[in-house]
Amino acid sequence: MGGLTVRAMLLRMINGASLQVREPATSVAPVNAIRRVPTWALQWSAAAGTLAIVEVLSRSGVLTEHIPPPTAVIGALADAVSNLAVWSRIADTMMSWAGGLLIAITVGVPTGMLIGSSQRVYGSLRLVIEFLRPIPPIAVLPLAVLLYGSGIQMKIYLVAFSAFWIVLFQTLYGVRDVDPVARDTVRAYGLKRSDQFRRVVLPSAAFYIATGLRLAAAVGLIVTIATELIVGSSGIGYAINQERFAGNAAAMYALVVIAGLIGVAVGAGLRVLERRVLHWHSAHRKGENS
Amino acid sequence: MLEVQHLSKTYGSGEAAVRVVDDLTFTVKEGEFVCIVGPSGCGKTTLLKMISGLMPATSGEASFDGELIAGVPETLALVFQEYTRSLLPWLTVSENIALPIKKKHKREDCERLTREALHAVGLDSFSDHYPWQLSGGMQQRVAIARALAYHPKVLLMDEPFASVDAQTRSDLEDLMLGLRAQFGITVVLVTHDIDESVYLADRVVVLGPSPTRVVEIVDINLPQPRDQITTKELHEFANLRGHVMRLIKQRVDSRNGAATLS
Ligand SMILES: Nc1ncnc2c1ncn2[C@@H]1O[C@H](COP(=O)(O)OP(=O)(O)O)[C@@H](O)[C@H]1O
Ligand SMILES: [Mg+2]
C-alpha cells in the first residue's frame with residue numbers, strides 16, 4: 001500500500017465519502033473492506049477509541065486535573081447510582097421538568113389550535129408572538145425568582161415558559177398545514193365543524209405536536225439544569241455545583257453523564273410512543289405500497 | 001335535476017382580479033352521465049367547487065332539484081384526482097368509507113353500507129388495510145366506494161383517473177360505467193381527456209379556455225353497454241372524438257393567436 005493510498009483513506013475517514021480524492025485502482029480493496037464493517041460497529045469503536053484517548057491523555061497529565069480519566073467517572077457513576085441522595089436530586093429535576101412540560105402542553109396545544117384555526121386571530125396575534133418567542137427563557141429567570149422564589153415552582157414556571165413557545169408554534173404550524181384536499185373532502189361530505197376538527201385537523205397536527213414535544217422536552221431539561229446551576233434550587237444541576245465546590249471532578253462528571261442519559265432515555269421513549277401513535281404517518285409507515 | 005345558470009367566477013379583486021369562469025349554463029338530468037371536458041387550467045375544478053358548495057360563485061347560480069346551492073348540499077359526493085390526499089391516512093379503508101355516513105345511520109346500517117360499497121368496487125378483502133398500503137388504482141376505488149356508500153343524488157368527479165396508469169384508467173372507467181348501470185346514479189365527471197369523455201358520457205359539455213364558456217354540448221349516442229375495444233372501433237366514436245377535439249383546438253388556437261398578436 002503506497003503512502004498516497006493511506007493518506008487518501010485517512011482523508012476519507014475524516015471527511016466522509018463526499019471528498020473526491022483521485023487515487024490508484026489498488027486502493028479500492030481496503031476501502032471496500034472498511035465499508036463492509038457494519039455502521040454500529042464503527043460507531044462503537046469510535047466511541048471506545050475516543051474514551052481510550054481521553055483516558056491516556058488524562059492519566060499522562062497532558063490534560064488539566066479538571067478532566068478526570070473516564071474510568072474514574074465510571075467508578076463515580078457506580079457510586080452515585082447506589083446513593084439515595086443522588087436519586088432524590090434526580091427526582092427533583094425530573095419533577096420540575098415534567099411539571100413544566102405538562103403545563104406547556106395543556107396550555108400550548110389548545111392555544112395553538114385556537115389561534116391557528118382562525119386566519120384573523122392568527123394574523124393579529126402574529127406580531128406579539130414573534131416578539132415574545134425569541135426571548136431566551138433564562139433571561140426571564142430573575143422575574144421567575146421574584147415571582148416564585150428559588151424552589152420547584154420557579155423551575156416549573158421556567159420550563160413551562162420555554163416549552164410553551166415550542167409547543168404553541170408546532171401546534172400552530174400543524175393546524176395551519178392541514179391538507180386542503182382533505183379539508184375540502186370532509187367539508188363536501190357535510191361533516192360538522194367539530195367533527196372536521198376531531199377527524200382531520202387534530203390527526204394532521206399530531207405529527208407536528210409530537211415533534212414539538214420532543215423539542216420541548218430537550219429544551220426543558222437544559223432549562224431545568226441551568227436554573228439549578230444558577231439559582232441553586234435542588235436538583236442535578238445543584239448537585240453538580242456541590243461536587244465542583246468539593247473538588248470531586250469525577251463525581252461531577254458522573255452527574256453530567258446521568259443528566260445526559262436521562263435526556264437520551266426520555267427522547268427515545270417519546271420516539272417509541274410517537275411511532276406507535278402515529279404509525280400511519282409517512283415517516284413511520286411499514287408496508288407502504290409505492 | 002342539477003341546473004347551472006350563467007355561473008361565473010372571478011378570483012381576487014381590483015387590479016389582481018382574474019375572471020376564470022365567464023358564463024356557464026347547462027343542466028344534468030337524473031340518471032345521466034355527463035362529462036365536462038376542457039383544456040387544463042380552464043376552470044373545471046373551480047366549476048365543481050362552486051357546484052358542490054365549497055366555494056361561492058361570483059355571479060349566476062347552481063340549483064339542485066330546484067333549490068339554490070348555498071352551503072354544501074347533503075346529497076352530493078365528491079371524488080378528487082388526488083386520492084392520496086383525499087383519503088385520510090390515519091383511518092383504515094372501511095373507516096374512511098364510514099366517516100361521512102357515521103352520524104347519519106345506525107351502526108349496523110353504516111357497516112352494511114360500507115361493506116356493500118367495498119363489494120361494488122371489488123375491494124371486499126381490504127377493509128382493514130390503510131389506504132397507503134394500496135396501489136393508486138385501489139385507492140381511487142376506495143374514494144369511489146366512499147362516495148357510493150354516501151348514496152348521493154349526484155356524484156361529482158374531478159379528473160378522477162388522471163393520476164393512474166393507462167391500464168388502471170380503463171379498468172376504472174369501466175368500473176364507473178358498471179356502477180352507473182347497476183345503481184342508476186347520476187354522474188358529473190370532469191376531465192381534460194377527450195377520449196375518456198366521449199367513451200363514458202351520455203352528453204359531453206365542451207368548455208373553452210379560461211375565461212371559460214360552454215362551447216357546445218355534444219350528445220353521445222353510442223350504444224350501451226360500452227366496451228374499451230369495440231366502442232372505440234366504431235366510426236361514430238371516431239367522429240365524435242374528432243368533433244370535440246376540433247372544438248377545443250379551435251378555441252385554444254384562436255386564444256393563443258390573439259395572445260401572440262397583442
Ligand atoms: N384559489 C384560487 N385563487 C386564484 N386563482 C385560482 C384559484 N384556484 C384556481 N385559480 C386559477 O384559476 C384557473 C383555473 O383553475 P382550475 O379551476 O383549477 O382549472 P382546471 O381544473 O380546469 O385545470 C387557473 O389559472 C388557476 O391558476
Ligand atoms: Mg383541475
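## Helix H5 of chain B

Helices here are DSSP runs of H or I with at least four residues, strands are runs of E with at least two, and both are numbered from the N terminus. H5(B) covers residues 136-149, and its 14 residues reach 20 Å from the first C-alpha to the last. That is close to the 20 Å expected at 1.5 Å a residue, where the expected span is 1.5 Å times one less than the number of residues.

Is this helix mostly covered or mostly uncovered? Mostly covered: twelve of the 14 residues in H5(B) are buried, including Gly137(B), Arg141(B), Ile144(B) and Leu148(B). Buried means under 20% relative accessible area, exposed means over 50%, and partly exposed lies in between, using a 1.4 Å probe and protein chains only.

## How to read this model

This is a predicted model, in which local features need pLDDT of at least 70 and side-chain atom pairs count only at pLDDT 80 or more, while totals for chains, interfaces and linings use all residues. Residues are numbered from 1 along each chain as its sequence is written, chains are lettered from A and ligands numbered from 1 in the order in which they are written, and side-chain values use heavy atoms, leaving out hydrogens and water.

## Chain A at a glance

Chain A holds twelve helices and zero strands. Of its 290 residues, 37% are buried. Its accessible surface, by the Shrake-Rupley method with a 1.4 Å probe, comes to about 16600 Å², and 67% of that belongs to carbon and sulfur atoms.

## The nonpolar cores

A nonpolar core is a set of buried Ala, Val, Leu, Ile, Met, Phe, Trp, Tyr and Cys residues joined through side-chain atoms within 4.5 Å. The largest core has 116 residues, and Ile258(A), Ile144(B), Met157(B) and Met176(B) touch the most other members. Helix H8 of chain A (residues 152-176) gives the most to this core, with 13 residues. Apart from it lies another core of 32 residues, with Val181(A) and Val28(B) among them.

Contact means heavy atoms within 4.5 Å. Leaving aside neighbours within four places in sequence, the contacts of Ile144(B) include Val79(B), Phe161(B) and Leu179(B).

## Salt bridges between and within chains

A salt bridge is a side-chain nitrogen of Lys or Arg within 4 Å of a carboxyl oxygen of Asp or Glu. Arg85(B) lies in helix H2 of chain B and Asp179(A) in the loop between H8 and helix H9 of chain A, so the pair joins two chains.

Lys49(B) and Asp184(A) also meet in a salt bridge, at 3.4 Å. This pair crosses between chains, from helix H1 of chain B to helix H9 of chain A. Lys49(B) is partly exposed at 25% relative accessibility, whereas Asp184(A) is buried at 12%. Together with Arg187(A), these two residues are linked in a network of salt bridges.

Within chain B, Asp22(B) forms a salt bridge with Arg213(B), the closest N and O atoms being 2.7 Å apart. The pair links strand S2 with strand S10, 191 residues apart.
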